[in-house]
Amino acid sequence: MASNVMDSVLFRDSFGTPAMRAVFDDYELIRKYVEVEVALARAQARCGVIPEAAANEIAEKCNADTLDFDLLRHETEIVGYPILPLVHQISKQAGESGGYVHWGATTQDIMDTAVVLQIRDAFELIEADMDRLRATLADLALRYRDTPMAGRTHLQQALPVTFGYKAAIWLDMFERHAERLQQARPRVLVGEFAGAAGTLASLGDKGLAVQKALMEELGLNVPTSTWHVARDGFAEAVNLLAVMTGSLGKIAYDVMLMASNEFGELYEPFVKGRGASSTMPQKRNPISSELMLACAKGVRQQAGLMLDAMVQDLERATGPWHAEWIAIPESFVLSAGALHQANFMLAGLEVDEAAMKRNLGMTNGLIVAEAVMMGLAPYIGRQDAHDVVYDACRIVNEKGGHLADVLNAMPTVAQRLNPQLINRLTDPANYLGMAPEMVDQVLSRYQSRK
């Protein structure tokens with residue numbers, strides 16, 4: 001019976017994806033251990049450390065799928081690590097060549113390198129999901145490039161923006177995340193083979209040659225020094241996920257706020273029954289956004305654990321290394337879950353342009369008070385313009401009416417400016433700044449990277 005959301009029959013596809021869970025499945029991890037052991041034998045045969053016939057027999061006979069997993073679990077509980085019990089079994093599988101299995105390696109070499117292989121697979125899934133997300137955000141930015149809406153600061157209406165501008169900001173975050181992922185790969189996808197204390201002493205003068213050959217077999221980068229206790233690569237991978245899911249959390253927060261009844265500007269895709277309440281039939285809760293936010297918080301916690309785990313003792317660590325076994329799989333599964341929810345939600349996002357227009361006008365022109373002040377300044381001076389608009393705003397707040405009508409009724413304004421200019425200055429659609437042009441810049445960058 002599952003005891004956490006990632007494995008729960010009820011919740012696992014809300015907080016993760018089958019593809020990412022498969023990458024970090026126990027059986028897949030053990031397959032990766034065996035893959036590394038087989039690659040090590042091949043590498044050592046290439047370098048003349050073990051007989052080629054032995055390497056061939058190890059490669060032919062060692063099979064993760066035929067292991068006794070109950071025995072492996074039992075012995076792992078006793079030893080504390082799975083590699084020694086694994087080596088016992090695959091050495092028997094290898095027959096006469098079994099004595100050459102795990103030659104010169106240490107437990108952490110195999111485990112760390114297997115995790116790197118998992119991260120490589122996981123990065124490919126993350127990248128594919130981010131590519132889909134970026135395409136969706138680019139479409140939203142282009143489609144709503146010129147759709148005015150209220151920009152909000154401190155949860156108050158501030159100045160007009162466009163919804164395309166908002167979507168472009170979301171997109172630009174993920175343009176940077178895609179760049180970060182590419183930059184992280186050479187640093188993170190580095191294998192480990194260094195022996196008991198990291199010096200490769202057991203292989204004499206063949207140590208570095210075997211290390212290089214092993215990484216060639218696995219398609220990983222070769223370390224320049226042992227990283228048994230230098231954990232910045234794994235910490236970078238998880239903290240990259242934390243930054244990425246933090247951006248997803250920001251998008252989720254925006255959508256949740258804009259989906260509230262008081263705003264009514266956005267809605268998650270309609271699926272019958274999704275987001276329903278057990279007692280309130282009218283409810284349409286933003287479930288995907290809520291899950292995105294929850295996943296982001298979970299990854300953030302694991303990112304902190306990974307930073308803590310970087311502080312390791314001497315040449316081989318005690319408990320900090322074990323903390324990674326908790327943080328890495330959970331971070332990737334939650335990140336995949338957040339991306340899955342984002343792709344579903346944003347691909348079918350319902351945008352209510354009429355509600356955006358209605359909300360933009362709810363302050364009766366006060367949202368563009370700055371525009372009016374700057375428009376009046378060339379005619380009556382900046383300070384006088386400020387004072388006039390300030391007085392007009394007070395009248396609108398206290399007595400109602402529209403800012404344009406109040407200004408047109410003020411003698412100091414009516415004597416200098418015609419009503420058409422005032423009406424133009426108080427139209428929010430005429431005060432979008434460079435928002436549409438910023439959308440163009442982000443889309444241009446997206447197209448060039450795509």
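Predicted model: local features only at pLDDT ≥ 70, side-chain atom pairs only at ≥ 80, totals over all residues.

Reader: Where is leucine 140 found?
Author: Leucine 140 is part of helix H7.

Reader: And is leucine 140 buried or exposed?
Author: Leucine 140 has a relative accessible area of 2%, so it is buried. The cut-off for buried is under 20%.

Reader: OK, back to glycine 164. How many residues apart along the chain are leucine 140 and glycine 164?
Author: They are 24 residues apart along the chain, and their C-alpha atoms are separated by 6.2 Å.

Reader: Why does aspartate 112 count as buried?
Author: Because its relative accessibility is 1%, and buried means under 20%.

Reader: What does the side chain of aspartate 112 make a polar contact with?
Author: With the side chain of tryptophan 321, at 3.2 Å. Beyond four places in sequence, aspartate 112 touches Glu192, Trp227, His228, Arg231, Phe234 and Trp321.

Reader: Let's zoom out. How many residues are in the largest nonpolar core?
Author: The largest nonpolar core has 112 residues, and Phe163, Phe174 and Phe332 have the most contacts inside it. H7 turns up again here, giving the largest share of this core with 16 residues.

Reader: What is phenylalanine 332 in contact with, leaving aside its neighbours within four places in sequence?
Author: Phenylalanine 332 is in contact with Met20, Phe24, Ile119, Ala122, Phe123, Ile126 and Leu241. There is also a second, separate core of 23 residues, which includes Ile380, Val389, Val406 and Ile422.

Reader: What about pockets? How much space lies in the largest pocket?
Author: About 1,000 Å³. Its lining has 33 residues, and Phe24, Asp25, Asp26, Tyr27 and Leu29 lie nearest the centre of the pocket.

Reader: Which elements give two or more residues to the lining of the largest pocket?
Author: Those are helix H2 (18–23), helix H3 (26–46), helix H5 (69–79), H7 and helix H12 (319–347). H12 provides the largest share, nine residues.

Reader: And how does the lining of the largest pocket split by class?
Author: By class, that lining has 19 nonpolar, four polar and ten charged residues.

Reader: How much space lies in the second largest pocket?
Author: The second largest pocket holds about 330 Å³ of space. It is lined by 17 residues, and Gly151, Arg152, Lys166, Lys250 and Asp254 are the closest to its centre.

Reader: What gives the most to the lining of the second largest pocket?
Author: E1 does, with five residues. The elements that give two or more residues to this lining are strand E1 (148–153), helix H8 (163–188) and helix H10 (232–258). This lining divides into ten nonpolar, three polar and four charged residues.

Reader: One last thing: what caps the N-terminal end of H5?
Author: Aspartate 68 does, with a side-chain oxygen 3.2 Å from the backbone nitrogen of aspartate 70. Just after H5, glycine 80 takes a positive phi of about 100 degrees.

Key
Residues numbered from 1 in each chain as written. Heavy atoms only, no water. Buried < 20%, exposed > 50% of the residue type's maximum accessible area, 1.4 Å probe, protein only. Polar contact = N/O pair within 3.5 Å; in protein donor to acceptor, adjacent residues only side chain to side chain. Contact = heavy atoms within 4.5 Å. Core = buried A, V, L, I, M, F, W, Y, C linked by side-chain atoms within 4.5 Å. Helix = DSSP H or I, 4+ residues; strand = E, 2+ residues; numbered from the N terminus. 1 Å grid on protein atoms, 1.4 Å probe; cavity = no way out; pocket = protein on both sides within 12 Å on 5 of 7 lines; lining within 4 Å. Points joined across faces, edges and corners; volume = space filled by probe spheres on them. Nonpolar A, V, L, I, M, F, W, Y, C, P; charged D, E, K, R; others polar.
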